[in-house]
Amino acid sequence: KQWYQRRVRGIMSILEYNGASIVAMKGKNCVAIAADKRLGIRFQTVSCDFQKIFPMGKKLFIGLPGLATDVQTFSNELKFHTNLYNLSENRELSPKTFLSMVSNFLYQRRFGPYFVEPVIAGLDPKTDEPFIASTDLIGCPMITNDFVVAGTCLEQLYGMCETLYKPDMQPEELFECISQALLNAQDRDAYSGWGGVVYVIEPNKITKRELKARMD
């Protein structure tokens, strides 16, 4: 009887409570990260301009899908420790070092974790080498050479990215690819959407563009 009641009601992960879709892609000497803008309480939309991508350095960004309160708390904590590192070491934090920092913070809290699944994208401050990675909520890292996805429309994003992605894209082509992947994936997910934001990170500039999407 208990099994039947759980199945009828549906078991929801707390990571899906507010909804999110985040994707990062590598290009040729550039990297892009994109996220939707919806904040919801399951199927009820609360806001359509919620920040999910946070700058952590001149060429370093992190996207945080998951529980909205933990997104804000964890991003503030990361920003504090990133600034502390820059001051104490007198140099810019590299994406690989930042990934280790994120992984360590999450693993420290593994018995009462932050309900976030970070996506990291950036360029190395010395070599400008593109870097993308993600972790789960207890800090297990995954570094890839093509794209990483996270959020409530994970399966849809994987399908779109595997269809559209190709290596060594130029910045404009990379923007078009990641935008189409995000918009078409979130159209098939009721928990995310309502517009999007895309950051394209190049050695000499960072371009931010906002996407219009279906509002139903």
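Buried means under 20% relative accessible area, exposed over 50%, and partly exposed in between, with a 1.4 Å probe and protein chains only. The model is predicted, so local features need pLDDT of at least 70 and side-chain atom pairs count only at pLDDT 80 or more, while totals for chains, interfaces and linings use all residues. Residues are numbered from 1 along each chain as its sequence is written, and side-chain values use heavy atoms, with hydrogens and water left out. Helices (H or I, at least four residues) and strands (E, at least two) are DSSP runs numbered from the N terminus.

**Strand β1**

Six of the six residues of β1 (residues 21–26) are buried, so the strand is largely enclosed by the rest of the structure. Ser21, Val23 and Met25 point one way, and Ile22, Ala24 and Lys26 point the other way. Two strands pair if DSSP finds at least two bridges between them. The pairings of β1 are listed below.

| Partner of β1 | Bridges | Direction |
|---|---|---|
| β10 (residues 147–151) | five bridges | antiparallel |
| β2 (residues 31–36) | five bridges | antiparallel |

Ser21 stands opposite Gly151 in β10, and Val23 has Ala34 as its bridge partner in β2. β1 and β2 form a hairpin with four residues between them, and Asn29 in the turn has a positive phi of about 60°.

**Helix α2**

Helix α2 (residues 68–89) has 22 residues and reaches 31 Å from its first C-alpha to its last, close to the 32 Å expected at 1.5 Å a residue. That expected span is 1.5 Å times one less than the number of residues. The buried residues of α2 are Ala68, Asp70, Val71, Phe74, Ser75, Leu78, Thr82 and Tyr85. They cover an arc of only 130° around the axis, which puts them on the same side of α2; the arc is that of the directions from the helix axis to the C-beta atoms. The face turned away from this buried side carries the exposed residues Asn76, Leu87 and Ser88. What covers the buried residues includes β3 (39–41), β5 (53–57), β6 (60–63) and α3 (95–108), where contact means heavy atoms within 4.5 Å. Just after α2, Asn90 takes a positive phi of about 60°.

**Helices α4 and α5**

Helix α4 (residues 154–164) and helix α5 (residues 171–186) pack at an angle of about 145°, with their axes 9 Å apart. Axes are lines fitted to C-alpha atoms, for helices over the stretch in contact, and angles run from 0 to 180 degrees between N-to-C directions. Residues of α4 that meet α5 include Leu157, Met160 and Leu164, and those of α5 that meet α4 include Cys177, Ala181 and Leu182.
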